[in-house]
Amino acid sequence: MCCKTKKRFLLLYASQKGQAKAIAEEIWQQAKEHEFEADIHCISESDKYNLDNENDPVVIVISTTGTGEPPDTAIKFVKEINDKTLPVDHFSHLRYGLLGLGDSEYTFFCNGGKIVDRRLQELGAQRFCEMGQADDAVGLELVVEPWIANLWIALNQEFSSKKEDTNHNTSPCANTVSNLCVVSKVECLKIEDSELKTGLLTKANISSKLSTQHSQPSLSQSVPPLSQSTLNVPALPPEYLELCFQESSDQDTGLPCVSESSVFQVPVTKAVQLTKDDAIKKTLLVELDISKTTFSYHPGDAFNVICPNYTSEVDELLSILGLLEKKDFFVCLKVKSGTKKRGAALPQHIPEKSTVKFILTWCLEIRAVVKKAFLRSLVEYTTDIGEKRRLQELCSKQGSSDYNTFIRNAGVCLLDLLHTFPTCQPPLSLLIEHLPKLQARPYSAASSSLYHPGKMIFIFNIVEFASHVGELRRGVCTGWLANLVAPILQSSTKGDEVLIPEISISSRLTNSFHLPDNPSIPFIMIGPGSGIAPFIGFLQHRQKLKENHKDWIFGETWLFFGCRHKARDYLFEDDLKLFVENGTLTHLSVCFSRDTPAMVQNTTPKYVQDNLRLFSKEISRILLQEKGYFYVCGDAKNMAKDVNDALVDILITEKGIDKLESLNILAMLRDEKRYLQDIWA
Ligand code: FAD
């Protein structure tokens, strides 16, 4: 570099109890590391500085005292700048940054700083960075640290534009600065030599560059105005758990808490892929042997599958948290004495004698989207100043939209966050305080125990989605189940012997999604995709009842099924045909949403609700005249609503009533438990 300018700034502090002074001294200390030179003075030492002809940037740290007054050390300074005879451009040469300290418990928060800031502006001075307002009520450091971090960026920017102004006037050494870093360490603005050579690097040019480079915020970085905002960060959630490790002689069994009497460990006796390989979603059928347990179920019941987190994700967490060596240690938990958390108690979902690995594998939903309170707590365990600032932004009021975009909507979990913020190292106790219980996943039985004694069958779609960085991820339970049964699936094609895996299941207590008690009552089933599961159970049951009770009267059974492609994901096609053939199923209506539509009654039904409308007379008759049942089951997002809308229209058309009356009838059907839904997201 041919003309290295001295990056000096004036640093003034106005302290009452020493906090502003301590912060100013910290800035002074850090200045050297950032290659600045700071002249530090108490604001009262007016003989050591002169703002009237100060050409370097000025940084002021000022506290507040009493009922919103500047500290005693600033009284003279404030009096001088308040001189009404000063012209409005008195400080037009001055560029400053101001950090105010205060306590939001008091009415005039940060008023000492606000008084000085307002008056400097009135006299023509300009801020080169946002005013910081640090709040002692929640911890000054929440604002102070990011403000200081941003100060170096803003000062660099200030000196660069100053230099540019000089270069623009005097020219020759412009091309010596090739890369200009003016933003945070994660975003570095590059300015081409050519722009400098041609003298195109004006302030406007820089700011347009900045806005282009800043136009892409991400999980790790923000853009103005957020990156320059003063933040309202939520109060730090009080920690309430104390944790110690105890070396264990036993090895972690790797199994969930099977001591609970309601949990049954059952072998997987069969696994079949129901969809073709080119189907959009892969659906698997799993058969469980429940014969050696007291577990029982009725068609239409759902049950819980107890699933672990992915081993790879647990191992990664153990490694990032530095817990690999302690993974088999027992965890002793205690409520912290004197914790400020109201009603603090040990979490019920962590069994008493659990190892570190067990807790991460079976107890905590480590995939849970990180909540703002957790983010706030993670700030305390992050060392890098830039990372701290971004975490603060994401949990702040000002960063709400970034939180929604980059965390909530992107489904960002703890591991995603720890990868993005590598200096964040929370203790295990914090994870236990903030992560929810790992929930068992419910599945509907797709069988009848009359038809398959000692067995229970269920089907599931393997859930797949893209992570926030676009990696393919599978659902916790369905991904785990798919891996578990993969050897069985392969053996059915290769004929190999495989070890029989076991899973833990439990009953779900309440359920009204059952067949009518009286078999003569007709019913209608709507079950697209894997929503067909309970209806296979209904039909198997019905078939057995018919076989066993030849003298009983059986009502009509209607099934509306839908899938994407007839050739790829028509689940239970053969079984359904058989049910129709043997009279178990009176009417089967199937539609394929992605195949070339077939013409039916001058329409081309795509979805189950389209087919429903085609049979409005029969549906109205079954529901209203014959007091039939109407069941809806499935995972389709809008399906239940669309079916409900179709039903409203059907009643309007068939009964000649208005919408309100139609809605009332549906409400009545719900009350009588004749309109039943089993819908999942
Ligand atoms: P999870 O890991 O829990 O993911 C759940 C959902 O969140 C997914 O849909 C996924 O798309 C989304 N998601 C998670 N993380 C992200 C992210 N980072 N980005 C974007 N999206 C994300 N399902 C069946 O297949 N068959 C059944 O018979 C069945 N019966 C049920 C019965 C009842 C009563 C209930 C309530 C649910 C039923 N379910 C059924 C749904 C089932 O319980 C599970 O919810 C489903 O299998 C997904 O579980 P998972 O652990 O694999 O997915």
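User: Which residues does Leu 317 touch, not counting residues up to four places away in sequence?

Analyst: A contact means heavy atoms within 4.5 Å. In this predicted model, Leu 317 touches Leu 360, Ile 366, Leu 414, Leu 415, Leu 418 and Leu 431, with residues up to four places away in sequence left out. Residues are numbered from 1 along each chain as its sequence is written. Because the model is predicted, local features need pLDDT of at least 70 and side-chain atom pairs count only at pLDDT 80 or more, while totals for chains, interfaces and linings use all residues; side-chain values use heavy atoms, without hydrogens and water.

User: How should I read the largest nonpolar core, and which of its residues touch the most other members?

Analyst: In soluble globular proteins, nonpolar side chains tend to be buried together. A nonpolar core is a set of buried Ala, Val, Leu, Ile, Met, Phe, Trp, Tyr and Cys residues joined through side-chain atoms within 4.5 Å; buried means under 20% relative accessible area (1.4 Å probe, protein chains only). Here the largest such core has 49 residues, and Leu 317, Leu 360, Leu 364, Leu 375, Leu 417 and Leu 431 touch the most other members. Elements that each supply at least two of its residues include helix H7 (311–320), strand E11 (330–335) and helix H8 (356–363). H8 gives the most, with six residues. A second, separate core of 30 residues includes Val 266, Phe 303, Ile 462 and Ile 503.

User: How are these helices and strands defined, and how many does the protein have?

Analyst: Both are DSSP runs numbered from the N terminus: helices are H or I with at least four residues, strands E with at least two. The protein has 21 helices and 22 strands. Of its 681 residues, 49% count as buried.

User: How many residues surround the ligand, and which are the closest?

Analyst: A residue belongs to these surroundings if one of its heavy atoms lies within 4 Å of the molecule. There are 18 such residues, the closest being Arg 441, Pro 442, Tyr 443, Cys 477 and Thr 478. Strand E13 (441–444) is among the elements that give two or more residues to this shell, and its four residues are the largest share.

Notes:
Buried means under 20% relative accessible area, exposed over 50%, partly exposed in between (1.4 Å probe, protein chains only).
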